[in-house]
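Trainee: I'd like a close look at one part of this model, the place where the two chains meet. Could you walk me through it and then connect it to the rest?

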Amino acid sequence: MSLVDKIFSTVRLRDRRSKLADSPSVQNYLSLAQEHVQRGEMQEVQRVCAEALELYPSNAELLRLVERARELEREDRTRELYRQLREAPRSAIYRELCEILLASNRIARAEDCAAEWYSHTGDGNAQLVRAEARTRRFLADKRRDDGRLALELVAAAEKLLPNDVRTHKLELEIYERIGAWRDAQRVLARLLEIEPGDPNHEARYRAVSTRVDRSPNVDQALRLAEKEGRLVDDEPRADSPAPSNGTVRPRLQAMVAEEGVHAAVYVRGATALVQGPKGATAERHARAVREVVQKSAGAARKLGLGQATEIAVEGDFGTLLITPGELASAALWLDKDPEDRHRRGLVELAGLAGVVVATEEAAS
Amino acid sequence: MIEVLDPLSKIPGVRLAVLVAPDGVPVCVRGKHAEVPEDGTRESADSLAALATSWLFELARSVAPLSWNAPKRVVLRAARGTLVMLAVPGAVLVAICDRGVSPDELRLPMEGAVARMQRILRGMGARNESPEPPPNAPDGALPSRASDQEPGFVHADNRSSESPAVTGQD
């Protein structure tokens, strides 16, 4: 910013501050924060937004701005840390960089950074960060290979940091989330050796001991998590109320009434509603949609793409467009290319039974 | 095949383009993630090819009871990327792209890549079937069938035929 710009900006800043003092509205807070953005003062942006959020706690614009300011600050710091690493790589800088990357959900980059850290220094903390990153990826995708690799990295970190409770806690988290209770009990016993008398560990040990009898081994538990796409402590699927036929059927009928649409299918668990085909053909359609969703969700996880959000199968039969939801899926069979309104309709339909898309980390 | 996949892999947002045989074996791999790191932490093109083709066949099996033929093109959009597959006779073209990329943007480039591939294969087939040798090809070590006009030489293969195997010296 040139000197002239800086003078003008200071004048504008003073003006906006006085306006805000007269009337502390969302708009005035936003305009003051935006002036600080122009000046590159991200700390000030966050301070102004925090003050505004005390008055207007659920304002979406303020929340978006504060999040963006935090992100920009993290980016600046990341750039600076990369510069320092090029000059003189050392553990403290790597650690801070990995923490920032993990905080901003750039898990793949954090893992790469930790791998580089480990290759430079051989520090056990680097292995722990790698394990943490891989665990987060596993918990998001439920992919068996990720889980296995996370456990291998935890074991490698444990060798380097034998009495560090963080490695054991991370290991315990994986075992508990997948339901490998026998292994969780073993880790809790080790934690109690390191921290004897810890009431939290003791309570967890007692709780886990009651489940050991019906515990699968780690490989079975990982396989089950990948197959079902959920962990043992995920919300039970039956909790959310099923939308009634009266809600779903009119939407399906409206979709299938359009020219070029042959069938509209809604599948939730073992129940399916089909508009278009009748009798046994309708049943076959429902079964096909269910199978395609099941296979595709598994394939997306195995391929490391995360949760499937849309499936399109095209052939000489036309296009089968499916939106898989967390609890229910909706599908359309068309003989033309699907348009955005078809997609929106399916997302709404699948969303009636719960969340459709779990937004995960941005591809880094 | 590299020149077929190169334009596809250079489209912004395309991470990997793989030409796969129907049995899941990768024939050609291009793209940013084509190389596997030594620690094996990232998916190799081999496993991608195998998983993707097996998924394609599972889809074909799932829609078969509806009397539908095997799918030609499938798209799987997910939280961290999109998989696009185009099945052609004898091969499957697979592309993995970033989350923001629309699969429709890849439709034309993928079809173009397939058309180029088929053109190359047709050309190779035509060359293999061509009966005439290239004009500057060297002479063979043994006399060819066309040069059997000279008296006194008979191919060993023809000895069992009606004509006796007689040389000029006899």
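Trainee: How many residues does the contact take from chain B, and how many from chain A?

Mentor: First, some housekeeping. Residues are numbered from 1 along each chain as its sequence is written, and chains are lettered from A and ligands numbered from 1 in the order in which they are written. This is a predicted model, in which local features need pLDDT of at least 70 and side-chain atom pairs count only at pLDDT 80 or more, while totals for chains, interfaces and linings use all residues.

Now your question: the contact takes 29 residues from chain B and 32 residues from chain A. Two residues are in contact if their C-beta atoms, placed from the backbone, lie within 7 Å. On the side of chain B that touches chain A, helix 2, strand 3 (73-78) and strand 4 (81-88) of chain B each supply at least two residues. (Helices, H or I with at least four residues, and strands, E with at least two, are DSSP runs numbered from the N terminus.) Helix 2 of chain B gives the largest share of that side, seven residues. Sorted by class, the side of chain B that touches chain A has 16 nonpolar, four polar and nine charged residues. Here Ala, Val, Leu, Ile, Met, Phe, Trp, Tyr, Cys and Pro count as nonpolar, Asp, Glu, Lys and Arg as charged, and the others, Gly among them, as polar.

Let's zoom in on helix 2 of chain B. Its axis and that of helix 14 (residues 279-302) of chain A come within 9 Å and cross at roughly 175°. (Axes are lines fitted to C-alpha atoms, for helices over the stretch in contact, and angles run from 0 to 180 degrees between N-to-C directions.) Helix 14 of chain A and helix 2 of chain B are therefore roughly antiparallel to each other; angles under 35 degrees count as roughly parallel, over 145 as roughly antiparallel, 65 to 115 as roughly perpendicular and the rest as oblique. From helix 14 of chain A, the contact uses A:Ala288, A:Glu291, A:Val292, A:Lys295, A:Ala299 and A:Lys302, and from helix 2 of chain B it uses B:Leu51, B:Trp55, B:Glu58, B:Leu59, B:Ser62 and B:Val63. That group divides into seven nonpolar, one polar and four charged residues.

A residue is buried if 20 or more other C-beta atoms lie within 10 Å of its own, exposed if 12 or fewer, and partly exposed in between, with C-beta atoms placed from the backbone. Take B:Val18: leaving aside its neighbours within four places in sequence, B:Val18 is in contact with B:Pro26, B:Val29, B:Ala45, B:Leu48, B:Ala49 and B:Val94.

Back in chain B, follow the sequence past helix 2. B:Ser67 sits in the loop between helix 2 and strand 3 of chain B. B:Ser67 is exposed, with 9 other C-beta atoms within 10 Å, and has a positive phi of about 65° although it is not a glycine. Most residues other than glycine have a negative phi. Chain A has a case too: A:Lys142 has a positive phi of about 60° without being a glycine. A:Lys142 is in the loop between helix 7 (124-141) and helix 8 (144-160) of chain A, and is buried, with 26 other C-beta atoms within 10 Å.

Finally, step back. Chain B has three helices and five strands, in the pattern α-β-β-α-β-β-β-α along the sequence. Of its 170 residues, 31% count as buried. Chain A has 15 helices and five strands, and 41% of its 364 residues count as buried.
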